Amino acid sequence: MADQAAIDDNHIGRSSSHPLPRVALYVLMAVIGVLFSLFSVAYIGRMAYGDWRILPEPTLLWFNTGVIMLSSFAFSRATINAREGDIKRTREYLLLAGVLTFGFIIGQLFVWRELVSFGYFVSTNPSYAFFYLLTALHILHLFGGLIAWLNVTYKSFIPQKETSDFSLKVNLCAIYWHFLLIVWTLLFVMLLLT
Amino acid sequence: MSESIIPESELEEVELYHAKSWWTEKVFTQDAKLIAIQYGLTAFAIGFVALVLSWFMRIQIAFPELSIISEGTYYQFITMHGMIMVVYLLTALFLGAFGNYLIPLMVGARDMVFPYLNMVSYWTYLIAVLVLFVSFFTPGGPTGAGWTLYPPQAILGGTPGQESGIILMLVSLCIFIVGFTMGGLNYVITILQARTRGMTLMRMPLTVWGIFTATVLALFAFPALFVSAVMMLFDKILLTSFFMPALVEFGENLTYGGGSPILFQHLFWFFGHPEVYIVALPAFGIVSDLISVHARKNIFGFRMMVWAIVGIGALSFIVWAHHMYVSGMNPYFGFFFATTTLIIAVPTALKVYNWILTLWRGNINLTIPMLFCLGFIVTFLNGGLTGLFLGNVIVDVPLSDTYFVVAHFHMVMGIAPVLVILGAIYHWFPLITGRMLHEGMGRFHFWVTFVGSYLIYFPMHYLGFIGVPRRYYEMGQTEALYTSSAADLNVFITLAALAVGFAQLVFIYNVFWSAKKGIIAEKNPWKATSLEWQTPDQPPIHGNFGKELPVIFRWAYDYSVPGAKDDFIPQDVPNEKVKLAEGYSELGVEKT
């Protein structure tokens, strides 16, 4: 017992060796994951009813998926360059990732426009309603990420101190973007299969 | 005895934020202690509004001939009373107020890990409260859909608040959830990553364990409410049919069709059941600590108490449909959920046994916090036992939607956790203000509240037994359904409720009076072991612990340790510094 006490006395006080912002992001991703899972459960449950109509998938959706994949890739490159200390390259990849993300969001809005022009309104049918709701929620979470992106991109333009956690911040943005890419992929597959 | 050699901390302390102006120090404060007080005052303010609503409801039930409020107003009041009390008062108080104040202090941190986010979370909560409050003053008034907001009726004509009340309620809930996600991140990450040296998870007090588990529950359960609120908003504003079946209203076919009201119920109660444990678990944790301190005895079975809290938290996600036995869902679902509901009673009962065993042969000081703890144990036991009736499908069928349910949930959610909150305020008031609450007013407050609450809710179970339905504006003259004895009982209950309400006014006066004129408290007046009482200043100042963070050498329950001169050993005192009693060579070892 005394040995355990001695071991406990030296406990550093942390449960994980990850830095604080990373732990926070993991918890946040778990919560957002639960949110999208619950929406998916509602979607699958609703599908069982007779009035479900299949929504046509505009080709633009595939293009948008490609764009968001590229933005994730840009973030990965930004992370690698930030870790190596090449701030100029990091800045370029960050800007590219941001532009591609905005491109994705605008692309999604164009998808909505296309669907509305064909008469697929949000209130016409539950299948359409879910499509608009799920894509809107995904875009909202991207906007949240863009706030962090703005902060980190701004930091890439000013000289960094030795002890700054710039490369951690870039890495965390990248992780969040990969997470939203996975969420989009799962949503897209779910919408395609139904 | 071996000396504990503590190596240099390998980690740098996170730099503490210092406010630069009056606005950022007192208003947009980032100090968790001040944020806690902001949460507490806001929660009590809106909770008082809900309390007053309940007075009107009770007068209407007892004296329907007065017609003090109309039918629509009655439904608006029950809805707002329920939603405010459960979400905006109890959740905000336990997590926002107690969580913010006690977590950093009890784990040995200078502040929460994300102070800016903490500040934003409070102001988001305040906005959510204001949006809800504003619905009282909009055309049509607040929603009268019941706190459970069941569609389709929640957004249809005939339910008060159809114009804007329901929209404001749903928007307010969405804002609240965003705010509490921010706050929840802070509490979880601070507990996991910002404890001081020597503070293992198993050396944390049960208060922290209760709030931690409740926060994890909140982070996973609130999204379900968010989902249902957003979908209902879509149904109301954009005329989608997530929850709305094909309907005819006043002879007109509505454009809705194919939606599932049961889907809403599943989503709502997937949130709703963990929500009641979000309220109960911090209460369990706090009451364990209060009993230990005021009975000068370590909590019985600490490890099992921790596992019971975690187990109850996990199980709370698989019992939700016991709120839906009469919804028309598949009876086999009912069987499954009744089983899980009975299983969750096991760790809960274990906790009750352990509280009793902590008191057994303890040096019980009948201080006001201890009185509230004893009151909690009795009322929670009572309420929990009636839960066993309601948790079984067949027994629930005649009792559902009667006053039996109302009595049950008020006992377990209304009286028991509120007694803990009150006891906790009496306990921690000296820490927060440096003064003691007035003893006479406190004892009056306790006895009227405890006895009065029993007089309100115990007889109410019998009203439920004889079938008096809930959510009825008035019962009418039918002797078969509503006997004159039931009417008399309702009058009695109302009078008890008004008396208990008066006692709360005495409490509020006590709090404000004692904050200015109360007896100055000595340092650590209750002689507690936990870290919040070991700060150099009382009340603790910004930064909490002075120049050096404490180092922890023991759990939070070293009361009446054999061999120690004092009947408590604070957590940050190493063995070699403990004063020994006469006749002992070391703790637990008598001199031969």
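How many helices and strands are there in chain B? I counted 14 helices and four strands in chain B, taking helices (H or I, at least four residues) and strands (E, at least two) as DSSP runs numbered from the N terminus.

**Entry 1. Conventions.** I noted that this is a predicted model, in which local features need pLDDT of at least 70 and side-chain atom pairs count only at pLDDT 80 or more, while totals for chains, interfaces and linings use all residues. Residues are numbered from 1 along each chain as its sequence is written, and chains are lettered from A and ligands numbered from 1 in the order in which they are written.

**Entry 2. Overall form of chain B.** Chain B has 25 Å, which agrees with the value near 25 Å for a compact globule of 592 residues. Along the principal axes, its C-alpha atoms fill a box of roughly 90 × 50 × 50 Å. Of the 592 residues in chain B, 53% are buried; a residue counts as buried if 20 or more other C-beta atoms, placed from the backbone, lie within 10 Å of its own, as exposed if 12 or fewer do, and as partly exposed in between.

**Entry 3. Chain A.** I found six helices and zero strands in chain A. Its radius of gyration is 21 Å, well over the 16 Å that the globule rule gives for 194 residues, so chain A is more spread out than a compact globule. The C-alpha trace of chain A spans about 65 × 50 × 20 Å along its principal axes. Buried residues make up 31% of the 194 residues.

**Entry 4. Where the chains meet.** I recorded 30 residues of chain A in contact with 39 residues of chain B, a contact being two C-beta atoms, placed from the backbone, within 7 Å. On the chain A side, helix 1 (2-9), helix 2 (20-47) and helix 5 (126-157) each give two or more residues. Helix 2 of chain A gives the most, with 13 residues.

Entry 5. Leaving out residues up to four places away in sequence, F372(B) touches L419(B), V420(B), L422(B), G423(B), Y426(B) and F446(B).

**Entry 6. Domains of chain B.** The domain assignment, automatic or from a database, gives domain 1 (27-204) and domain 2 (522-592). Their centres, taken over C-alpha atoms, are 37 Å apart. I found that 13 residues from domain 1 and 16 residues from domain 2 take part in the contact. Helix 3 of chain B gives the most to the domain 1 side, with four residues.

Technical notes: The radius of gyration is taken over C-alpha atoms; the globule rule is 2.2 Å times the number of residues to the power 0.38.
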